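I opened my notebook to look up strands and aromatic rings. Here is the entry.

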Amino acid sequence: MPYYQDLLQDLGPAGPLVLAKREVLGDDRVYTYLVKFGAATWRYKVSIIPDGRVTSLSLGEN
């Protein structure tokens with residue numbers, strides 16, 4: 001995931017992840033977190049299937 005690696009390096013140090021939402025979509029558990037990079041708040045979303053594997057993740061400005 002070079003895109004995210006480059007993006008995170010440019011944003012600088014992250015604050016703590018704060019769980020904003022938890023939902024179940026079919027068999028997937030979807031977690032949405034908010035995280036601050038400087039003055040900007042970003043949204044980090046991850047989907048996990050029952051066996052614990054990550055099926056998707058995204059990071060974008062909130």
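I am working from a predicted model. I looked up the strand order first. The sheet is open, with four strands in the order E1-E2-E3-E4 and antiparallel pairing. Strand E1 (18-25) and strand E4 (54-61) form the edges, each pairing on one side only. Next I checked strand E3 (residues 40-48): E3 pairs with E4 in the antiparallel sense over seven bridges. There, Tyr44 stands opposite Leu59 in E4.

**Leu34.** I found Leu34 in strand E2 (residues 28-37). Is Leu34 buried or partly exposed? Its relative accessibility is 27%, so Leu34 counts as partly exposed. I then looked at Val18. Val18 lies 16 residues from Leu34 in sequence, yet the C-alpha atoms are 5.2 Å apart. Beyond neighbours within four places in sequence, the contacts of Leu34 include Pro16, Leu17, Val18, Thr41 and Trp42.

**Rings.** How many aromatic pairs are there? I count three. Tyr31 and Tyr33 are stacked, because their ring centres are 6.5 Å apart and their planes stand at 25°. Phe37 and Trp42 are edge-to-face, because their planes stand at 85°, with centres 6.2 Å apart. I also looked up burial. Tyr31 has 13% relative accessibility and counts as buried. Phe37 is buried at 9%, and Trp42 is buried at 10%. Last, I traced the cluster: ring pairs link Tyr31, Tyr33 and Tyr44.

Technical notes: Residues numbered from 1 in each chain as written. Predicted model: local features only at pLDDT ≥ 70, side-chain atom pairs only at ≥ 80, totals over all residues. Heavy atoms only, no water. Pairing = 2+ DSSP bridges. Helix = DSSP H or I, 4+ residues; strand = E, 2+ residues; numbered from the N terminus. Buried < 20%, exposed > 50% of the residue type's maximum accessible area, 1.4 Å probe, protein only. Contact = heavy atoms within 4.5 Å. Phe/Tyr/Trp six-rings, centres within 6.5 Å; stacked < 30°, edge-to-face > 60°.
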